[in-house]
Structure formats: structure tokens, C-alpha cells
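I'd like to walk you through some strand pairing and then the salt bridges. Let me put it up on the screen.

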Amino acid sequence: MQDTPVRRLVAILVLLGCLLGLMIWFGSLAPDPAVGAYPSTTELGIEYDVWVGEQASLTGTVIETDPLTIVAEYGSGEQVRLKVTGAAIDAQQGDTLAVYGVVEPNHTIRALNAYTIPASNYLYMYVVSFLAGVWVLGRLIRTWRIDWGSWSLEPRAKPLQASDLSLSTKNTEEHDA
């Protein structure tokens, strides 16, 4: 069987179609606490009473500390206000609080586990992810090349060095010759 660029393109499109289909399918799954798919703020905001007695996992911003109350956004800017009981945590107003617990009547969550998420965690996550992406891209460019004839990645015979990438006049003259 001959491997052509058209076959590779078709294979890539089929795989991307499968990925898109799986993402849509996963997004359409309904919450089911029995299998570990807990309702989130969206489900609690739309039909709170349906989930009373079930376990839930959600994140919100602390707006009051006595009693501990969070507000969580869902949909297009809508909010659900929930009182959290049983959380042995020192949360301050404005903190982001992640709660796993049991949904109780009157917009109350009995916390089984709760923790605050410092704002610096998000900055750290983005910086580390960016640096890791740049590192992987650099290694990919350094050790692999694109073969445009077969639409494939092939290992380089000799990995690129930093001196190979500089645009000094000496290197330009050598490449022109």
C-alpha cells in the first residue's frame, strides 16, 4: 500500500473528525453522581431541587465568611449563591473556594472537602505551561524536520545547534555560495 500525501491528509481529517465527535459526545453527557460525574454550578443553578441529597463538586468566589457563602457563575453571567457548611477552612472574602459536598435544601452545600485556590496558582500555571510549550517546540524544531514531499516529520541527521540558527553575515554568505 503506497503512502501518499493525500492518504495522510485524509487520515488526519478522519482523526480530527473523530476527536471533534468525541468532544461533542463528552460535552453532552449528563451529570451522574453514581459514576463520579457530579453536578456543577450550571446544573445547580438551573434545577437546584433536583440535586438535593446528591454529591456535587463546584468552585465559587467567597462573598461572606459568616456564614461561609460563595457565588458561582454559570451560563451567560448568571449566578447561584450557595451557603457552605461543615468546611473547616479559613476562607477570606474574595478567595476562590473549591467545594466537594452534599447538596442540601435552601441552597446549602454540606462540605465533605473544601480548599481555597490562591490567585497566584493561575499565573504559575500559565507561566509554567508556556515555558514547557516553548521547550517542547524548541526540541521539536531542533531534532525534527518536515519532509514536504511525504507530509511527514523526519528526524534530522544532525540536530540543529544555536549557531545554525543565527543570521550573521558569515552564515548567510556560506548558504549563498
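This is a predicted model: local features need pLDDT of at least 70, side-chain atom pairs count only at pLDDT 80 or more; totals for chains, interfaces and linings use all residues.

So, let's start with strand 2, residues 68-74, and strand 3, residues 78-85: these two pair in the antiparallel sense, over six bridges. For the record, helices (H or I, at least four residues) and strands (E, at least two) are DSSP runs, numbered from the N terminus, and two strands pair if DSSP finds at least two bridges between them. Residues are numbered from 1 along each chain as its sequence is written, and side-chain values use heavy atoms, with hydrogens and water left out.

Back to that pair of strands. If you look for Ile-70, you'll find it opposite Leu-82 in strand 3. The hairpin of strand 2 and strand 3 has three residues between the strands, and Gly-75 there takes a positive phi near 60°.

Now, strand 3 has another pairing. With strand 5, residues 108-117, it goes in the parallel sense, over three bridges. Click on Lys-83 and its bridge partner in strand 5 is Thr-108.

On to the charges. How many salt bridges does a search of the whole structure find? Three. The criterion is a side-chain nitrogen of Lys or Arg within 4 Å of a carboxyl oxygen of Asp or Glu.

Let's take Arg-81 and Glu-64, with the closest N and O atoms 2.3 Å apart. Buried here means under 20% relative accessible area, exposed means over 50%, and partly exposed is in between, using a 1.4 Å probe and protein chains only.

Then there's Glu-104 with Arg-110, 2.7 Å from N to O. Glu-104 counts as partly exposed at 23%, and Arg-110 is partly exposed at 36%.

And there's Glu-154 with Arg-145, where the closest N and O atoms are 2.9 Å apart. Glu-154 comes out partly exposed at 26%, and Arg-145 likewise at 35%.

That's my bit, over to you.
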